[in-house]
Amino acid sequence: MSDVGAAVNEAVWDAIAVVATPGTLVTGLIVAAFFLGAQVLSEHRQVAAALRVAGLLTVLTGLMLAIHRPGWVTELDTATTSWVVAHRSMGFNVAALVITDLGSPVATAAAALICAALLSWRARSRVPGIVVIGTVSAAALASTALKAVVDRPRPPLQWQLVLETDPSFPSGHVTGTAALLGITAVCVGMGRSRTVRAWLAGGVVTGVLVIAATRLYLGVHWLTDVSAGAILAAVFVTIGTTVFAALHDRSGQHDAPPVAASTGEDPPVTTFGAGLVNPDTLIAADRHGVPSVRSRDIGEPHLERKS
């Protein structure tokens with residue numbers, strides 16, 4: 001047992017030595033600083049969102065640079081995809097093909113339209129639908145543009161269960177699915193309990209992992225491709241969440257009844273809640289704003305606005 005423990009310990013330290021390069025450590029510190037700042041400034045919604053987006057883009061940029069030079073990132077890509085391809089089975093082949101079709105760009109676009117319509121109907125507002133469609137569309141366009149810029153080749157053809165020839169980085173399937181599931185969960189969970197939001201977040205993570213796993217299993221993407229797709233989607237979900245929260249707050253302010261400014265005078269007698277208050281009952285407020293109830297039956301004079 002001591003020999004096994006020593007071997008495992010040596011393997012762990014070797015892996016750390018390979019991963020912990022100066023560039024990786026600097027990138028990690030920068031990302032940690034961005035997310036720590038976002039946590040500290042969480043009360044300032046726009047600033048916190050900007051810091052989170054900056055942290056995610058830093059990670060994405062690091063991946064883009066790492067895949068173009070030999071190192072532990074490309075070695076991990078090759079080892080992961082080759083291992084998954086070597087452990088295929090007929091049953092998993094069929095399941096992977098079905099699932100990857102459900103995450104295709106066409107299926108994601110159709111699902112986004114359906115989700116947008118249902119959320120807008122549920123909220124009696126166009127805001128959720130606009131946010132969902134805008135977030136998914138922006139993520140898809142960014143994914144297409146990034147593919148053209150990075151222009152990374154797909155895994156070898158002998159590894160591919162289905163033929164894919166367009167650029168590989170990032171995964172469009174993962175980007176679209178993660179953006180749709182993420183922003184839909186945000187719209188559904190707005191104002192809900194922490195438990196409900198946790199369940200929604202768990203569902204989003206599960207769905208994204210399933211799609212990512214199928215793309216690796218089919219041999220059409222590297223590990224960094226699906227990771228970059230999830231990160232890119234997180235960028236646009238963060239932006240969409242901020243926009244949705246701002247519009248939600250603005251809508252709530254518009255729906256709130258106006259509050260009259262105090263003039264230092266006794267307000268006139270008014271009645272509230274027809275059918276809930278006896279019509280012979282008058283509700284007024286004294287100079288300190290304390291409501292009082294007066295009835296016509298007690299023979300007191302009615303309050304009138306002073307001239």
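Visitor: In which helix does threonine 238 lie?
Guide: Threonine 238 is part of helix H10. Please keep in mind that this is a predicted model.

Visitor: Is threonine 238 buried or exposed?
Guide: Threonine 238 is buried, because its relative accessible area is 15% and buried means under 20%.

Visitor: And what is threonine 238 in contact with, leaving aside its neighbours within four places in sequence?
Guide: With those neighbours left aside, threonine 238 is in contact with Ala49, Arg52, Val53 and Leu56.

Visitor: What about threonine 224: where does that one lie?
Guide: Threonine 224 also lies in helix H10. At 6% relative accessibility, threonine 224 counts as buried. Not counting residues up to four places away in sequence, it touches Leu63, Ile67, Val73, Asp77, Arg152 and Phe169.

Visitor: Let us turn to the nonpolar core. How many residues has the largest one?
Guide: The largest nonpolar core has 27 residues, and Leu60, Phe169 and Val174 have the most contacts inside it. At least two residues of this core come from each of helices H3 (45–66), H7 (127–150), H8 (172–189), H9 (194–217) and H10 (223–255). H10 supplies the largest share, 7 residues.

Visitor: Which residues is leucine 60 in contact with, beyond its neighbours within four places in sequence?
Guide: Leucine 60 is in contact with Leu146, Phe169, Ala228, Ile231 and Leu232, once those neighbours are left aside. Another core, of 12 residues, lies apart from the largest one; among its members are Ala112, Val132, Val136 and Leu180.

Visitor: Now the surface. Which residues form a nonpolar patch there?
Guide: Leu36, Val40, Leu41 and Val47 form such a patch, and together they have about 350 Å² of accessible area. Leucine 41 is found in the loop between helix H2 (22–40) and H3. Leucine 41 counts as partly exposed, because its relative accessibility is 32%.

Visitor: A new topic: how many aromatic pairs does the structure hold?
Guide: The structure holds 2 aromatic pairs. In one of them, the ring centres of tryptophan 159 and tryptophan 222 are 6.1 Å apart and the planes are at 70°, so the pair is edge-to-face.

Visitor: Where in the chain are the two partners of that pair?
Guide: Tryptophan 159 is in the loop between H7 and H8, and tryptophan 222 is in the loop between H9 and H10. Tryptophan 222 is buried, with a relative accessible area of 11%.

How values were computed: Residues numbered from 1 in each chain as written. Predicted model: local features only at pLDDT ≥ 70, side-chain atom pairs only at ≥ 80, totals over all residues. Heavy atoms only, no water. Core = buried A, V, L, I, M, F, W, Y, C linked by side-chain atoms within 4.5 Å. Buried < 20%, exposed > 50% of the residue type's maximum accessible area, 1.4 Å probe, protein only. Helix = DSSP H or I, 4+ residues; strand = E, 2+ residues; numbered from the N terminus. Contact = heavy atoms within 4.5 Å. Patch = residues over 30% accessible without salt bridge, like charges linked within 9 Å, V, L, I, M, F, W, Y side chains within 5 Å. Areas by Shrake-Rupley, 256 points an atom, 1.4 Å probe, with all protein chains shown as cover. Salt bridge = Lys/Arg side-chain N within 4 Å of Asp/Glu carboxyl O. Phe/Tyr/Trp six-rings, centres within 6.5 Å; stacked < 30°, edge-to-face > 60°.
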